[in-house]
Amino acid sequence: SKPPVTVAVTGAAGAICYSLLFRIAAGDMLGADQPVRLKLLEITPALQALEGVVMELDDCAFDLVESIDIGDDPNAIFDGANLALLVGARPRTKGMERGDLLEANGAIFTAQGKALNDHAADDIRVLVTGNPANTNALIAQRNAPDIPAERFNALTRLDHNRAIAQVANKAGVPVSAVTNMTIWGNHSATQYPDIFNAKVNGEPAFDAIGKDLEWVESYFLPTVQKRGAAIIEARGASSAASAANATLEHARDWLLGTPGGNWTSAAIPTTGAYGIEPGVISSFPVTEAGGEASIVEGLEINEFSRARIDASVAELREEAEAVKQLGLI
Ligand code: NAX
């Protein structure tokens, strides 16, 4: 059988991981023939709860799981990791300003970036789900100078999947008919889901929704941008199973490849493509194979899209500037 892949996951006792870990262990991420070693990081007060999660993983007797280690030291947990899924983060609590949030997460992601730099395997790939995901990924990246910069991604796949679901519903087609969706920019309310380059049954998605610009502007964009808040409102808790699914799909496509003729959305270090200068981690349309992502170049960006992409990238630059001022990068 194949040699095992070592997967480190942070925030392992949290809500997203309560779904994510079981699906990784079942083979949904790396395949039904790929054994995994799980290394799970939590903060000290959550280790007892994590022990309970591990008891449940044990009780599934997943054939693919070779070992499970837990701990509160990132240096030990990231040791030998081939893939790190950074899900744990400090949530925004009442009265917390944006600067406080960036600072609290800065402490986490500087330490984790350094630990990855010093201990992860040479082929390490790092995906940040914990919010503010793009800027947390930037902080980790800048604190890991020995790891190639493009190995740090942030999650916008949930936004991507949400956008597909909305277009499918409007066009009256199954989700499988919707392809070539793109989320541009930040995983925040400024993100831009691009219907103009998306397709429905291979034809322009904008045509398939009856060229209804009013729907795009007043319903589609805000629904995708504010979906997280709508889930909290309805469920009384933030999206967990769908966020776990998106994290898993991002990692799967990154390592195993995107299907031909389609692309996905991933927040990756900017390269200058589409006039977006290096220095932030922004979402793009990407094709992937064997752990490498390439931006899909040459898509037409209309004026409506351009303004919104630029606004979201401007927000990313503000966040990067704020963490620079705090001395985190
Ligand atoms: P939970 O609060 O249920 O779990 C987070 C866990 O992380 C907790 O158990 C906590 O103890 C742990 N943790 C905190 N600091 C840590 C550290 N330094 N090292 C290791 N573990 C640490 O949150 P959950 O619902 O699982 O969400 C996790 C993160 O995902 C949050 O930051 C959330 O905002 C973010 N999300 C990102 C999404 C995206 O699309 N990028 C969507 C879903 C979600 O909102």
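This is a predicted model: local features need pLDDT of at least 70, side-chain atom pairs count only at pLDDT 80 or more; totals for chains, interfaces and linings use all residues.
1. A word on how the chain is divided. The domain assignment gives domain 1 as residues 5-154 and domain 2 as residues 157-319. The contact between them takes 31 residues from domain 1 and 32 residues from domain 2. Taken over C-alpha atoms, the centres of the two domains are 23 Å apart.

2. The rule finds 10 residue pairs in polar contact across it, with both residues at pLDDT 80 or more. The count of salt bridges between domain 1 and domain 2 is one. Arg 125 forms a salt bridge with Glu 292, and their closest N and O atoms are 3.3 Å apart.

3. Which elements give two or more residues to the side of domain 1 that touches domain 2? They are helix 1 (15-26), strand 4 (83-86), helix 4 (98-119), strand 5 (125-128), helix 5 (133-142) and strand 6 (152-154). By residue type, that side divides into 17 nonpolar, seven polar and seven charged residues.

4. Now for the salt bridges of the model as a whole. By the rule used here, the count comes to 12. As background, side chains of opposite charge can pair when their charged atoms come close.

5. Two backbone details deserve a glance in your viewer. The peptide bond from Asn 131 to Pro 132 is cis, with omega near -10°, and Pro 132 is found in the loop between strand 5 and helix 5. Both strand 5 and helix 5 give residues to the side of domain 1 that touches domain 2. The other detail is Ala 61, which has a positive phi of about 45° although it is not a glycine. Ala 61 is found in the loop between helix 2 (47-60) and strand 3 (65-71).

6. Finally, the record. UniProt, in an unreviewed entry, places "domain: Lactate/malate dehydrogenase N-terminal" at residues 6-148. Over that stretch the chain is 43% helix and 18% strand, with the end C-alpha atoms 19 Å apart. The UniProt annotation "domain: Lactate/malate dehydrogenase C-terminal", also from an unreviewed entry, covers residues 156-324. Over residues 156-324 the chain is 47% helix and 18% strand, and the end C-alpha atoms are 23 Å apart.

Terms used
Residues are numbered from 1 along each chain as its sequence is written. Side-chain values use heavy atoms; hydrogens and water are left out. UniProt positions are given in the numbering used here, feature names are shortened, and annotations may be inferred rather than shown by experiment. Helices (H or I, at least four residues) and strands (E, at least two) are DSSP runs, numbered from the N terminus. Domain bounds come from an automatic or database domain assignment. Contact means heavy atoms within 4.5 Å. A salt bridge is a side-chain nitrogen of Lys or Arg within 4 Å of a carboxyl oxygen of Asp or Glu. A polar contact is a pair of N or O atoms within 3.5 Å; within protein, one must be able to donate a hydrogen and the other to accept it, and residues adjacent in sequence count only if both atoms are side-chain atoms. Ala, Val, Leu, Ile, Met, Phe, Trp, Tyr, Cys and Pro count as nonpolar, Asp, Glu, Lys and Arg as charged, and the others, Gly among them, as polar.
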